[in-house]
Amino acid sequence: DFTSLLKIQCWEIISKIEQLRQIKPEKEWVALTKERILGTEPKVKWLGLFDYQLKPILAGALMALIVFGLFSVSQNSLPGDTLYPIKKISEKGQAIFVSKNEEPKVKLEWVNKRLAELKEVALKNQTQKLSTALKETENALAEAAKGLVKSENIAQKEVVEKAKEMIVKKEEIEKTLGVEIGGKEEENLTKTLAEKLIDDLENRNLTKEQKEVLEKAEEDFENCKYQEALLKVLELSYNNE
């Protein structure tokens, strides 16, 4: 009858279900299905085991990168800019590794940088930065003069070249701005350079013509014409290397 037939079919279905339980699905299928239902399992954060040690290192590395970036960007800054003090700090830091013999060259190099900055400020017509740029130039001139007083190696070729570069730049900017640059600081630097180079040339073997130029330089120096004297001895020092 119908009831008996239904019971037989139910038992067949139950039997097949029991057989299905014995079948084990493949691991790949299980993992894929689980991922689809539950989502991707978070990976083990192995870094967490060591983060208490690595965090200070990573923070230090990040800070170093930031500082290095600031130092690099600051090299194009001008007096009055936000990053300009960082530029000055980087210069002072580099000077730590400079020998005593190289100090006159480095300090004259700073003067030339300040003059170049002053020129750029003037060309860009950044009048609000002009007084700051002039002050920075005067400070550099004063510092160079102090350093040169103690130096005994002022007649080096590189020092002479930097001094000549300074004179040319200063005269060019003075014409552009219509003002004298440096005042007392510039006079002290020029006087010190001229005096040191005159002393050096007096101990060299000079030709008759060179001796005549030196005598004129000494005369200018005695008459407090320090820049005229310096220009003469610079040329003599350069040609007498």
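**Figure 1. The largest nonpolar core of the predicted model.** In this predicted model, the largest nonpolar core has 35 residues, and those with the most contacts inside it are V111, M166, L189, L193, L230 and V233. Two or more residues of this core come from each of the elements α5, α6 (127–150), α7 (157–177), α8 (184–202), α9 (208–222) and α10 (226–239). One of the residues named above, L189, touches L108, V111, L141, A144, A145, L148 and M166, leaving aside residues up to four places away in sequence.

**Figure 2. The chain as a whole.** The chain has 10 helices and zero strands, and its pattern along the sequence reads α-α-α-α-α-α-α-α-α-α. Of its 241 residues, 29% count as buried. Among contacts between residues at least 6 apart in sequence, 70% join residues at least 24 apart. The accessible surface of the chain comes to about 16800 Å², and carbon and sulfur atoms account for 57% of it.

**Figure 3. Helix α8.** This helix has 19 residues, and from its first C-alpha to its last it reaches 27 Å, close to the 27 Å expected at 1.5 Å a residue. The buried residues of α8 are E186, L189, T190, T192, L193, A194, L197, I198 and L201. Two of these, L189 and L193, are also among the residues with the most contacts inside the core.

**Figure 4. The aromatic pair F221 and Y226.** The structure holds one aromatic pair. The ring centres of F221 and Y226 lie 5.1 Å apart and the ring planes meet at 65°, so the pair is edge-to-face; the cut-off for this class is an angle over 60 degrees. Both F221 and Y226 are buried.

Figure 5. Side chains of opposite charge can pair when their charged atoms come close. The count for this structure comes to 18 salt bridges. In one of them, the side chains of E158 and K105 meet at 3.3 Å, N to O. This pair links distant parts of the chain, with E158 in helix α7 and K105 in helix α5, 53 residues apart. K105 has a relative accessible area of 18% and is therefore buried, whereas E158, at 42%, is partly exposed.

A salt bridge also joins the side chains of E235 and K164, at 3.5 Å, N to O. Because E235 lies in helix α10 and K164 in helix α7, the pair ties together parts that are 71 residues apart in sequence. E235 counts as partly exposed at 39% relative accessibility, and K164 is partly exposed with a relative accessible area of 26%.

**Figure 6. The salt bridge between D220 and K232.** The closest N and O atoms of D220 and K232 are 2.7 Å apart in this salt bridge. D220 belongs to helix α9 and K232 to helix α10, and the pair, 12 residues apart, links distant parts of the chain. D220 counts as buried, at 12% relative accessibility, while K232, at 28%, counts as partly exposed.

Figure 7. E117 is found in helix α5 (residues 103–123). Its relative accessible area is 4%, so E117 is buried; the cut-off for a buried residue is under 20%. Not counting residues up to four places away in sequence, E117 touches S77, L78, P79, Y84 and K87. A network of salt bridges links E117 with K87, E91, K113 and R114.

Note on methods:
Residues are numbered from 1 along each chain as its sequence is written. This is a predicted model: local features need pLDDT of at least 70, side-chain atom pairs count only at pLDDT 80 or more; totals for chains, interfaces and linings use all residues. Side-chain values use heavy atoms; hydrogens and water are left out. Helices (H or I, at least four residues) and strands (E, at least two) are DSSP runs, numbered from the N terminus. Buried means under 20% relative accessible area, exposed over 50%, partly exposed in between (1.4 Å probe, protein chains only). Contact means heavy atoms within 4.5 Å. Accessible areas come from the Shrake-Rupley method with a 1.4 Å probe; for residues, only the protein chains shown count as cover. A nonpolar core is a set of buried Ala, Val, Leu, Ile, Met, Phe, Trp, Tyr and Cys residues joined through side-chain atoms within 4.5 Å. The expected span of a helix is 1.5 Å times one less than its number of residues. Rings of Phe, Tyr and Trp (its six-membered ring) pair if their centres lie within 6.5 Å; planes under 30 degrees apart count as stacked, over 60 as edge-to-face and the rest as tilted. A salt bridge is a side-chain nitrogen of Lys or Arg within 4 Å of a carboxyl oxygen of Asp or Glu.
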